[in-house]
Amino acid sequence: MKEVRLNNGVEMPLMGYGVWQIAPAECEQYVSEALKAGYRSIDTAQAYYNEEGVGEAISKSGIPRQELFLTTKVWISNAGEEKAARSIDESLRKLKTDYIDLLLIHQPFGDYYGTYRAMEKAYKAGKARAIGLSNFYDARFVDLAENMEVKPAVVQLETHVFSQQVKMRELMKEYGTRLMAWSPLARGMNNLFGNEMLKEIADRHGKDIAQICLKFLTDEGIIVIPQSTKPERIRSNFALDDFELTDDEQKAIRRLDAGHPFAADFNDPALAKYLLGYDKQFNPNNQK
Ligand SMILES: NC(=O)c1ccc[n+]([C@@H]2O[C@H](COP(=O)([O-])OP(=O)(O)OC[C@H]3O[C@@H](n4cnc5c(N)ncnc54)[C@H](OP(=O)(O)O)[C@@H]3O)[C@@H](O)[C@H]2O)c1
């Protein structure tokens, strides 16, 4: 599996398995499936409420910890230096590990400067091998990157063939920050799986549309974390090493970029309000 070098020298797999919206009780089973298929990088978050399932799967897998790469994210309800620090320790406990490979601020809301300071401390204490951001765009990203000592190693953003994040990739270059794609298959939005041009390319290579999209993104050096609950798709999404896209195919796919995200606009006040109330609404521990 190909790896990329982050701005602090840490190597990270280009391909990982994402577990958003996987129910806590099922998470262990799907992560075990992904590990069997060869994935070594898993993307979870405090607000997926399934870190324990990831921890169970990795501890039972028998795979040496240093061969695995775990990403988790600090949620808004844990924002601020002290709360974030406590939540990082809690994530370590749930993940059954003494370090997180990549620790991100999940959303650009709340006291994220305090959160980042807690993450810098965790990084220096060896509790995180790399730290970064998720859903920080434009000036918000630059402001944090300029002001903090440890430059973000990664920014995770909605990225797929219809939203290729060209502007953010340019901005991030200055800090050596790497793009990690969430929803790399666009969750099927914009009729991705019915796109005729992608289907033609896929047929030419004897592959499917998901494989073409993931190949395109990883060729661009973008880290991807596709999610599937179907074992055959978990396997096929990972099988990208036996074909190459031509220059013309890559150019054609670049032209699909609409230049804006489809799932989430982080300047939308309604999205901010929804995310600020998310933990109260969805945390299973709040509903007992
Ligand atoms: N930082 C953030 O704010 C943020 C936000 C969203 C997501 N994420 C992360 O990114 C990960 C991936 O994003 P995502 O889950 O939103 O979307 P995605 O990976 O783009 O798409 C997942 C969807 O595509 C389907 N699918 C997967 N492989 C397929 C294939 N080969 N052919 C056809 N359909 C396929 C899956 O259905 P089946 O299960 O039926 O296969 C699922 O409905 C998440 O799990 C999470 O870790 C982060």
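Helices (H or I, at least four residues) and strands (E, at least two) are DSSP runs, numbered from the N terminus. By that definition the protein chain holds 12 helices and 10 strands. Its radius of gyration, taken over C-alpha atoms, is 18 Å, close to the 19 Å that the globule rule gives for 288 residues, so the chain is as compact as a globular protein of that length; the rule itself is 2.2 Å times the number of residues to the power 0.38.

The model is predicted, so local features need pLDDT of at least 70 and side-chain atom pairs count only at pLDDT 80 or more, whereas totals for chains, interfaces and linings use all residues. Residues are numbered from 1 along each chain as its sequence is written, and side-chain values use heavy atoms, with hydrogens and water left out.

Buried residues (under 20% relative accessible area, against over 50% for exposed and in between for partly exposed, with a 1.4 Å probe and protein chains only) make up 54% of the 288 residues. Among contacts (heavy atoms within 4.5 Å) between residues at least 6 apart in sequence, 74% join residues at least 24 apart.

| Side of α7 (residues 196-205) | Residues |
|---|---|
| Buried | L198, I201, A202 |
| Exposed, turned away from the buried side | E196, E200, R204 |

Seen down the axis of α7, the buried residues fall within an arc of 100 degrees, so they line one face of the helix; the arc is that of the directions from the helix axis to the C-beta atoms. These buried residues pack against α8 (209-219) and α10 (247-254).
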